[in-house]
Structure formats: C-alpha cells, structure tokens
Amino acid sequence: MTDTTAAQDVIYRTDALIAEDIDAYLEQHQHKTMLRFITCGSVDDGKSTLIGRLLYDSKMIFEDQLAALESDSKKVGTQGQEIDFALLVDGLAAEREQGITIDVAYRFFNTEKRKFIVADCPGHEQYTRNMVTGASTADLAVILIDARKGVLVQTRRHSYLCHLIGIRNIVLAVNKMDLVDYDQATFDAIVKDYATFARSIGIESFTAMPISGFRGDNITTRSANTPWYSGPTLVEHLETVEVLSTADADKPFRMPVQWVNRPNLDFRGFSGLIATGSVKPGDEVRILPSGKTSKVARIVTLDGDLEQAVAGQSVTLCLAAEVDCSRGDVIALADNPPQAADQFEATLVWLNDEAMLPGRAYWLKLATQTVSVTVQQPKYVVNVNDAGGAGAHLAAKTLELNAIGVAEIATDKPLVFEPYAEGRTLGGFVLIDKMSNATVAAGMLNFALRRAQNVHWQALDISREAHAALKRQKPRVLWFTGLSGSGKSTIANLVEKRLHAVGKHTFLLDGDNVRHGLNKDLGFTEADRIENIRRVGEVARLMTDAGLIVLTAFISPFRAEREMVRGLMAPGEFVEIFVDTPLEVAEARDVKGLYRKARSGQLKNFTGIDSPYEAPENPDFRIDTTKETPEAAAERIVNELLGWAPTI
Amino acid sequence: MTADRRTLTHLDRLESEAIHIMREVVAEATNPVMLYSVGKDSAVMLHLARKAFYPSPPPFPLLHVDTTWKFQAMYEMRARMAEESGMELLIHQNPEAAERGINPFDHGPLHTDMWKTEGLKQALDKYGFDAAFGGARRDEEKSRAKERIFSFRTASHGWDPKNQRPELWNLYNARKNKGESIRVFPISNWTELDIWQYIHLNNVPIVPLYFAEERPTYEWEGQLFMADDIERLEKVLGYRPEITMKSVRFRTLGCFPLTGAVESTATTLPEVIQETLLTTTSERQGRVIDRDAGGAGMEVKKQQGYF
C-alpha cells in the first residue's frame with residue numbers, strides 16, 4: 001500500500017452526512033453544479049495516476065475494484081509492489097498492455113460542492129484527435145508536467161490546443177514533486193519557463209501548483225512536504241473556480257432548431273438546445289437565415305410550460321405566428337440576431353490520416369446546419385512543437401494529421417454563424433469526408449470574409465430559361481468519366497455530331513484541350529486534379545446558363561468532385577456517363593502511350609496505375625466498351641436523351 | 001424542473017444533454033430504436049425520451065432483447081411502460097437459443113452470447129435499425145469510460161476502440177455507410193447516483209425489485225440469488241435449491257439466475273440511495289457477465305457486438 005494517511009481524512013468525504021441524514025445529503029447533491037475538466041500533458045507525466053488518485057481519495061473506488069487494482073498492480077503495474085492508480089483509468093486492453101493512454105476516458109467524482117467529469121486525455125501526438133475531443137467540452141484544463149523533465153513538446157502542443165478550443169481556466173500541475181525532493185527552485189524554474197511560453201501563445205493567466213499524484217501531495221490536503229507553497233490544493237481550486245458556461249446566459253438569445261415537433265395540426269413546436277441567452281413568452285424573435293420575425297407564445301415541457309428558459313436547457317418553443325422554420329434554422333433575439341455568410345476564415349485542426357485536399361468538397365456541420373464546403377490551401381499552419389518558435393506561422397500546401405492551420409472556406413449555402421470567440425455553438429464545426437463519412441477536422445470560424453457580403457449576384461434580364469427557349473432545347477451537361485484511353489472523347493464526339501445533326505446547340509469540353517489553355521497552370525497532383533474539375537464544372541455551368549448542351553470528356557477520377565459538379569447544376573441537368581473500360585483493355589490500347597510511361601515511372605499520379613479511379617455508383621449511363629461499339633453507345637445515349645425530353 | 005434561475009444544476013445539464021442527443025438522432029437517422037432492458041437506466045432513458053419529444057410520443061419503438069430468464073416483475077413493468085408511453089414495443093428472443101435450450105446454468109458465457117449479443121444483432125438486422133439508443137454509462141466499466149456518445153458499428157456490428165471518430169462539442173456526426181449502424185448513449189455522463197437522484201426527483205417508475213422485500217433466495221457459487229421461478233430452476237438445475245426467505249433487493253436487474261441479490265432493509269428511494277452510497281462494492285459486481293474473459297471482459301464483448 002502507498003502512503004494514504006493524507007487520504008484518510010480528506011476534507012470532502014461526505015460519508016457522515018450520507019449515513020446520518022440522507023435527505024439532507026440528497027438536497028445538497030441536487031443543487032451541486034458541474035465542472036468538466038481535462039487532464040493533459042506529455043506521455044508519462046502521470047495523468048492517469050492523478051485521476052486514479054482523485055477517484056481513490058474521493059471514495060469513488062469500491063472494494064472489489066480496489067482488490068482487482070491491487071492484484072493488477074502486482075501483475076502489470078509500473079510501480080513495483082505499490083498501487084498503480086493508472087490501471088484504474090486505462091480501460092482498453094491495448095492501453096494496459098502498453099502502459100499508455102490511447103483514448104479519452106471519462107471519470108466522475110463528487111465533492112460537497114460540485115460534481116466533476118474528468119476527461120483523461122492521451123499524451124501521444126498520434127492520439128491528438130482524442131485529446132481535442134476531450135478538450136472541446138471542458139471548462140478547465142489541468143496541464144501536467146513531470147517535475148524532472150519540465151516543459152516538453154506535448155505540454156506546449158496541448159496548452160496551445162486548450163487555448164485554441166477556448167479553455168480559459170488553466171492549471172499547471174507540476175507533478176512528481178516527490179521525485180525532486182519537493183524542491184522549490186525546480187518548481188519555480190518550471191513555472192517561469194511555462195509562463196514565457198504561455199504568454200507567447202496568448203494564455204493570459206494560469207494557476208500553478210506543486211503536486212504528487214502518486215503520493216497525494218496537494219491534491220486534497222495541503223502537503224507538509226511543500227511548506228513554501230501557500231496556494232490552494234488541486235481539489236480546492238476545482239471546487240471554487242468559476243464555470244464559464246454561466247456566462248452564456250448573459251449573451252443574446254440563440255437557439256438552433258433541431259427538430260420540428262408536430263404531433264397534430266394544432267401543435268407546431270421548435271425543439272432545440274438554447275446556446276446562449278434566455279427566452280420568455282412574449283419575446284420578439286427572428287428566424288435565421290430567412291430574417292422573419294415572430295413572438296414566443298409558449299415554452300413547452302412535459303412538466304408544464306416554463307416562464308423562462310436559459311442557455312443550456314433543451315426546450316420546445318411555440319411561436320405566435322405561423323412562420324417557416326425548420327431544422328438548421330436559428331431562432332434568435334429579434335433586434336440582435338447573428339449574421340449569415342458563405343465565406344469565412346477558419347482555424348482548422350486536422351484529425352484524419354488522409355491529408356486535407358484544397359478544393360475538395362466536404363460536409364460541414366455547425367450546430368444543426370449541414371452544408372457542403374470547400375477549403376482553400378491554408379494561409380499558414382501553426383508551429384506548436386518547436387521550443388523557440390512556438391506559435392510561429394509556417395507555409396503549407398495542405399493540412400496533415402494533427403496539423404493546426406488557418407484557411408479560407410466557402411460553403412454552398414449561407415451559414416448562420418458567430419465567430420467562435422463569441423459563441424462555441426455557432427462558431428465551432430466539424431468537417432466530414434463525403435465518401436468515408438469520417439470526421440476529418442474540427443474547425444472554428446474566425447470571421448466572415450467581406451467579399452461574401454459585398455459581391456452581390458447581378459440580376460440579368462435575359463434568364464437562362466430565355467436562352468434555352470430560343471434554342472428550343474433543355475440545357476444539359478453530359479459528363480463522360482472513365483480511365484485514360486477508355487473511349488470518352490471518341491464517344492462524346494459521336495454524341496455531339498448526332499445532336500448537332502438534329503439541330504441542337506452543343507459544345508464539347510475536352511480534357512486535353514482545356515489543359516492547353518484555361519488549366520495550363522495545373523499539374524496532376526490530387527489537389528490540381530480537383531481544381532481542374534472545379535474550373536471545368538464552373539465553365540460548364542456558364543454554358544448551360546447560355547442554354548447549351550455541354551459534353552465533357554475528363555477522367556474525373558474522384559466521386560466527390562463529380563458530385564460537386566452535379567451540385568452546381570440545376571436538378572436533372574447533370575448526366576453522368578461512365579465509360580467503363582477495364583484497366584487491362586485501356587492499357588492494351590494505350591492510344592497516347594501514357595500507360596507505358598506511367599508503368600516505367602516516367603509519369604507520376606497516373607489514374608489506374610498509382611492514383612485511384614473511383615467508379616460511379618449509379619451513373620445515368622454505363623457503357624461497357626468491351627461489349628458495345630462507340631457508335632452503338634452514342635446512338636443509345638442520344639435516343640434516350642431525346643426520349644427523356646423531346647425538346648432537349 | 002424549475003427554470004427561472006440562471007445557474008443549471010448538474011442534473012439539469014445532464015438531462016438537457018441527453019434530450020439534445022436524442023433529438024439529433026431522430027433528426028439524422030433513418031430508422032432509430034431505443035433498447036429497453038426494463039432496468040433503472042432504461043426507466044430514465046424512457047422518461048428522457050418522453051420529455052424530449054413531448055407532446056409527441058417518442059418517434060421510435062422500444063426494443064427488448066429478451067432472454068426469457070428475466071424476473072417476472074420486469075415483464076410486468078415492460079407491459080405497463082409500453083402502454084403508458086404510447087410507444088410500439090418490439091420483443092426479440094433468439095430462436096436458436098430457445099431451440100438449443102440455452103440457460104445460464106449449463107452454458108455460462110454462451111448464455112449471454114446467444115441470447116443477448118446474438119439476439120441483439122438479429123433484432124437490429126431484422127428491423128434494419130440504423131441507430132439504437134442504449135442506456136450504458138461511462139462510470140459502469142472501464143471500456144465504457146472510453147466510448148463515444150455516438151459509437152459506430154461495422155456492418156457486422158463490430159466496435160473498433162482504437163479508431164473512434166473524434167466527437168467535438170455537442171456536434172455528432174451521424175453519417176454512415178450502408179449497413180453500418182450507430183449505438184447512441186445519451187446518459188453516458190451520468191453516474192449511478194445521478195440516475196437514482198433523477199428517479200427520485202422526477203418520480204420515474206421503476207421495478208419494485210430495487211426495493212428491499214422478503215423474497216425467496218438461494219445460494220449458488222457463493223452468491224445470493226432470488227428464486228423467481230422455482231419450478232424452472234429445479235428443472236434446469238436438476239435439484240430444488242434450498243430456499244431461505246430474506247429481505248433482499250437488487251442493484252441491477254438482468255437474468256434472475258445471473259443477478260446477485262444483496263441483503264437490505266432499504267424500502268424507500270432515499271434509503272436505497274443511502275445504501276448505494278455507503279456500499280463498498282461496485283454496481284456491476286453482482287453481475288457474473290463482467291468477470292468472464294479476465295480484465296477486458298466487457299471490451300471483448302463490445303467488439304463482438306454486445307451493447
């Protein structure tokens with residue numbers, strides 16, 4: 001057993017009240033507030049041990065768990081015959097085997113004043129995404145430092161992330177003081193070192209304390225080993241620090257609508273979690289982005305209507321007037337509403353093994369809004385690792401796993417937002433890969449770009465319908481996709497000849513031809529291929545606005561970009577034609593000799609060889625060129641198109 | 001819950017979080033379901049669901065994956081709650097387990113595997129549910145402490161603990177590929193005490209087995225159990241166990257031959273809570289299931305598709 005004498009008479013044990021007057025205890029517990037905090041820092045700084053200690057000292061560990069802990073400690077513990085508290089927390093088999101923390105573990109304990117949720121975050125850089133997960137819901141961060149090692153790369157990285165994500169209460173816990181003989185000079189030197197770094201990244205204040213998670217010094221009781229320290233113990237500090245979320249109630253009212261509650265024709269309620277401010281029946285509110293106003297009629301709950309509801313409550317609002325309002329809209333204070341915009345500067349933390357692709361369309365989820373978004377090449381990434389240059393801006397073409405960078409983003413629809421610094425709910429978002437559905441990044445909106453507000457759409461008198469009507473056809477984009485040498489250009493050419501022959505106004509955009517002009521600045525990297533397709537898509541859209549039937553012949557290997565182009569067009573205008581020629585066949589044809597070059601390594605990023613081709617899942621036409629001649633395919637396409645809409 | 005104050009208590013925040021999660025699932029999933037095990041956590045989940053969608057009934061069915069070995073009092077409560085909530089109640093019993101006569105005495109871990117793990121997978125596949133609410137809490141067990149609120153399962157219901165999606169703020173990514181599903185845990189951040197206190201404050205109906213009463217008990221492998229169906233016990237065991245009347249209650253409810261009873265005199269909720277707080281063993285200690293497969297029992301079960 002370790003030295004637990006300090007733990008035996010901890011100040012926040014409540015057994016006495018539980019045993020003597022359970023009703024009084026419940027009354028007290030009922031009114032407790034909640035503090036969510038994270039512990040972070042470098043590997044082996046003793047995070048799990050500290051949490052194990054907090055649980056142990058607050059009697060959150062039961063006899064059966066303790067018995068298991070004692071036997072586990074002897075078997076696999078890292079503390080010899082003594083109790084290894086980390087084993088209480090590291091719950092995954094792989095973690096216990098390797099003695100490291102991989103994922104965030106959430107733990108719970110109570111004192112007389114508060115209920116605590118602790119997220120124990122992994123120290124290894126490769127698990128940063130798990131650390132960010134833990135930090136995003138925390139009110140406070142305990143940054144641990146091994147007194148023997150001082151400020152390390154991960155200390156800096158985690159401090160930066162905590163600050164970035166908006167945690168304003170930071171505790172610097174200089175741990176393992178027992179291993180440096182509780183030396184004040186060591187403590188002071190580390191605090192000074194950290195203070196310099198903290199200032200450089202904008203952390204205004206932090207609370208430093210000397211502790212030993214393993215021995216229990218300054219955790220719940222003031223330690224006799226550090227007479228030179230006069231500050232609070234860790235638990236005292238956690239119990240009294242102000243919880244930031246209370247400040248949310250003083251901001252203007254905002255509630256993103258999650259769900260429209262409509263059990264029958266007589267009831268229509270808007271359900272959501274109040275992000276900031278408060279609301280009362282009679283309050284004038286504005287629905288965004290439409291800007292329509294109404295009054296709050298009722299705040300409905302199962303326990304009866306409420307007189308008032310505040311930030312943090314999940315409620316259902318009924319409005320006085322029938323206004324259009326659905327999931328994704330935001331109900332806000334009428335004379336102080338948030339803005340909507342479609343271009344922003346954002347800070348991104350990249351969380352996926354697959355690097356960010358500038359120009360690629362991702363899903364962006366912010367509050368209850370989900371929109372399609374493209375991210376530009378980052379303006380810079382932040383260096384958080386280097387001791388001297390922490391916080392320095394470095395140039396980068398993309399964002400790799402765990403990179404933090406600033407970039408401009410553009411959404412396909414206006415987004416109701418607030419800068420992250422003003423409100424987490426309307427400023428924080430995640431990016432989701434459209435194919436794998438993985439959450440690839442966390443982001444924070446810094447501000448809307450002025451050009452989004454100042455470039456207005458010029459209304460034109462001759463509409464696209466007028467252009468099409470004059471040509472007596474329905475504009476379309478016939479998008480031919482397939483491997484190099486699959487026969488796209490050949491078939492597209494035949495289709496255009498046939499359409500031309502029956503008096504249709506057409507234009508063929510050919511991959512090679514476009515690369516001689518409009519896109520001659522682009523190469524064949526993934527990012528350049530995406531930009532290539534984006535430009536062709538925009539040109540095709542302008543041509544459909546002019547009433548043309550556009551044919552395009554591009555390899556266009558990625559589903560996401562083809563979907564992006566589809567999204568640019570009016571519904572039904574985009575026709576995907578998959579020229580399905582097996583790689584062996586296309587390679588055997590090798591009309592331009594490109595496969596030979598790619599195989600010999602002279603040509604990099606060649607689709608089908610060292611760059612993937614993502615076949616369409618549900619193309620409008622699929623042409624198997626091993627079974628159907630180009631002429632037959634062209635005939636089939638034209639006949640069907642004319643059949644769909646005789647006036648095409 | 002009164003609202004005319006600025007500071008929310010921890011229970012207010014937990015309730016609000018759970019309601020928000022349930023609404024997100026209903027808004028984004030195509031075919032959600034709530035797993036209902038009739039225990040106290042299920043009782044709280046059901047109450048939260050009714051609050052989340054009031055005045056509409058919760059827009060999803062309840063699913064009970066039954067082992068046929070639950071306490072009688074649980075079956076009674078199940079029928080009552082389905083009626084009161086106005087929700088559809090689906091009951092699934094693994095036909096293969098029934099056919100093979102799988103029981104907790106002869107088959108040990110296989111009982112849980114066949115009735116619960118396999119039964120659950122069968123039911124989810126049968127109805128094509130793409131999101132299932134579960135009442136698991138992070139304070140229950142070490143691998144649960146690591147699980148996200150939206151927990152992804154492959155088409156074969158597997159869980160990959162080393163590769164969980166980042167889950168930031170209260171933004172839940174509910175997108176998935178065909179065949180994949182999500183297990184959603186709205187009360188992840190509640191502790192056992194929070195559950196009890198919530199039941200107390202909201203008068204949430206729970207199975208009477210949680211309160212102490214004179215009940216017929218027997219000892220098996222060193223633990224105290226209740227003879228809920230003595231005839232059936234005798235048939236499976238091959239002998240009639242010695243029955244002693246004792247004042248007992250249960251800290252968790254599962255299959256009656258697998259759920260240890262504790263001797264107790266707590267007949268009111270505050271007394272039950274008092275006992276819970278003063279106890280020296282953890283809640284799941286009465287459950288035989290966690291002790292299988294060594295320290296990582298639950299993690300392995302979850303990877304195989306157990307809730």
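This is a predicted model: local features need pLDDT of at least 70, side-chain atom pairs count only at pLDDT 80 or more; totals for chains, interfaces and linings use all residues.
The contact between the two chains draws on 67 residues from chain A and 59 residues from chain B. On the side of chain A that touches chain B, the largest share is supplied by helix H3 (residues 22-30) of chain A, which accounts for five residues. By class, this side of chain A comprises 30 nonpolar, 21 polar and 16 charged residues.

Two packed helices are described by the angle between their axes and the distance between the axes. For H3(A) and helix H7 (residues 192-202) of chain B, the axes come within 11 Å and cross at roughly 100 degrees. Because angles of 65 to 115 degrees count as roughly perpendicular, H3(A) is roughly perpendicular to H7(B). The residues that make this contact are A:Leu26, A:His29 and A:Gln30 of H3(A), together with B:Gln197, B:His200 and B:Leu201 of H7(B); two of the residues in this helix contact are nonpolar and four are polar, with no charged residues.

Within chain B, the assignment gives domain 1 (10-191 + 296-303) and domain 2 (208-289), and the centres of these two domains, taken over C-alpha atoms, are separated by 24 Å. Their contact involves 16 residues from domain 1 of chain B and 15 residues from domain 2 of chain B. On the side of domain 1 that touches domain 2, the elements giving two or more residues are helix H3 (72-85) and helix H5 (104-107) of chain B, and H3(B) gives the most, with three residues. This side of domain 1 is made up of seven nonpolar, five polar and four charged residues.

Methods: Residues are numbered from 1 along each chain as its sequence is written. Chains are lettered from A and ligands numbered from 1 in the order in which they are written. Two residues are in contact if their C-beta atoms, placed from the backbone, lie within 7 Å. Helices (H or I, at least four residues) and strands (E, at least two) are DSSP runs, numbered from the N terminus. Ala, Val, Leu, Ile, Met, Phe, Trp, Tyr, Cys and Pro count as nonpolar, Asp, Glu, Lys and Arg as charged, and the others, Gly among them, as polar. Domain bounds come from an automatic or database domain assignment. Axes are lines fitted to C-alpha atoms, for helices over the stretch in contact, and angles run from 0 to 180 degrees between N-to-C directions. Angles under 35 degrees count as roughly parallel, over 145 as roughly antiparallel, 65 to 115 as roughly perpendicular and the rest as oblique.
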